[in-house]
Amino acid sequence: MADRLKEQKKVTAIAKMNDVPTSPRKMRLVADIIRGVEVNKALDILKYSKKHAAKSLSVALRSAIANWEAKNEDKSNELENGNVIVKTVMIDEGRTLKRIRPCPQGRAGRIRKRSNHITIVVDVK
C-alpha cells in the first residue's frame, strides 16, 4: 500500500499559490472549467477566458506542468501526446483583509477583501 502511494507521488506534480487576491467564489468559477481537462487545452481555455482569475490560474498551472516535467524527464512525450490532465484543482479560502468605509449617519461599513489559496495537481491519464 505504501509503495503504491510512493509510486503515485512520483508521477503526480503539485503546484500551490497562497494569498491570491481574488475571492474564492470567483476563482472557483474558472477552476471548474479546467478540472479534468488535458493541460494544453486547459491553458488555451485560460488564455482566452475573460475572467480576471484565469490569469492567476494559468500561472499556477504552468508551474504544475513544469514540476511534472522535472519529475518525469523520461516521459516528456506524454505531455505532447495529450495524456497529462489536470487531476484536481482546489481553491481554499485565504486570509481576509478587513477595511472600513464611512457609511451614513456616522456609521462604519466593513469591506472584506478576500484572498484564496490555489492547489493544482497534474497527473497522467
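The points below go from the overall fold to individual helices, residues and pairs.

1. Basis of the note. This is a predicted model, in which local features need pLDDT of at least 70 and side-chain atom pairs count only at pLDDT 80 or more, while totals for chains, interfaces and linings use all residues. Residues are numbered from 1 along each chain as its sequence is written, and side-chain values use heavy atoms, with hydrogens and water left out.

2. Overall architecture. The protein has five helices and three strands, and along the sequence these follow the pattern α-β-α-α-α-α-β-β. Helices (H or I, at least four residues) and strands (E, at least two) are DSSP runs, numbered from the N terminus. The radius of gyration is 18 Å, well over the 14 Å that the globule rule gives for 125 residues, so the protein is more spread out than a compact globule. That radius is taken over C-alpha atoms, and the globule rule is 2.2 Å times the number of residues to the power 0.38. The C-alpha trace spans about 65 × 35 × 20 Å along its principal axes.

3. Burial and contact range. Of the 125 residues, 36% are buried; here buried means under 20% relative accessible area, exposed over 50%, and partly exposed in between (1.4 Å probe, protein chains only). Among contacts between residues at least 6 apart in sequence, 72% join residues at least 24 apart, a contact being heavy atoms within 4.5 Å.

4. The nonpolar core. A nonpolar core is a set of buried Ala, Val, Leu, Ile, Met, Phe, Trp, Tyr and Cys residues joined through side-chain atoms within 4.5 Å. The largest one holds 28 residues, and the members that touch the most others are Val-39, Leu-57, Leu-61, Val-89, Ile-118, Ile-120 and Val-122. Two or more residues each come from strand S1 (13-20), H2, H3, H4, S2 and S3. H4 gives the largest share, eight residues. As background, nonpolar side chains tend to be buried together in soluble globular proteins.

5. Ile-118 and Ser-56. Leaving aside residues up to four places away in sequence, Ile-118 touches Ala-15, Lys-16, Met-17, Val-20, Met-27, Ser-56, Leu-57, Ala-60, Met-90 and Ile-91. Ser-56, one of these partners, is placed in helix H4 and is buried, with a relative accessible area of 15%. With the same exclusion of residues up to four places away, Ser-56 touches Met-17, Val-20, Met-27 and Ile-118.

6. Helix H3. Which residues of H3 (residues 39-47) are buried? They are Val-39, Ala-42, Leu-43 and Leu-46. Seen down the helix axis, they fall within an arc of 100°, so they line one face of H3; the arc is that of the directions from the helix axis to the C-beta atoms. On the other side of H3, Lys-41 and Lys-47 are exposed. The buried residues pack against helix H2 (24-34), helix H4 (53-71), helix H5 (76-81), strand S2 (84-102) and strand S3 (108-124).

7. A buried loop residue. Asn-72 sits in the loop between H4 and H5. Its relative accessibility is 5%, so Asn-72 counts as buried. Residues up to four places away in sequence not being counted, Asn-72 touches Lys-10 and Val-11.

8. Salt bridges. With a salt bridge defined as a side-chain nitrogen of Lys or Arg within 4 Å of a carboxyl oxygen of Asp or Glu, the count comes to four. One of them joins Arg-35 and Asp-32, whose closest N and O atoms are 2.7 Å apart; Arg-35 is partly exposed at 36% relative accessible area, as is Asp-32 at 48%.

9. Lys-87 pairs with Asp-123 in a salt bridge, the closest N and O atoms being 3.5 Å apart. This pair links distant parts of the chain, Lys-87 in strand S2 and Asp-123 in strand S3, 36 residues apart. Lys-87 is partly exposed, with a relative accessible area of 43%, whereas Asp-123 is buried, at 12%. Glu-93 and Arg-114 also meet in a salt bridge through their side chains (3.6 Å, N to O). Glu-93 lies in strand S2 and Arg-114 in strand S3, so this pair ties together parts that are 21 residues apart in sequence. Arg-114 is partly exposed, with a relative accessible area of 33%.
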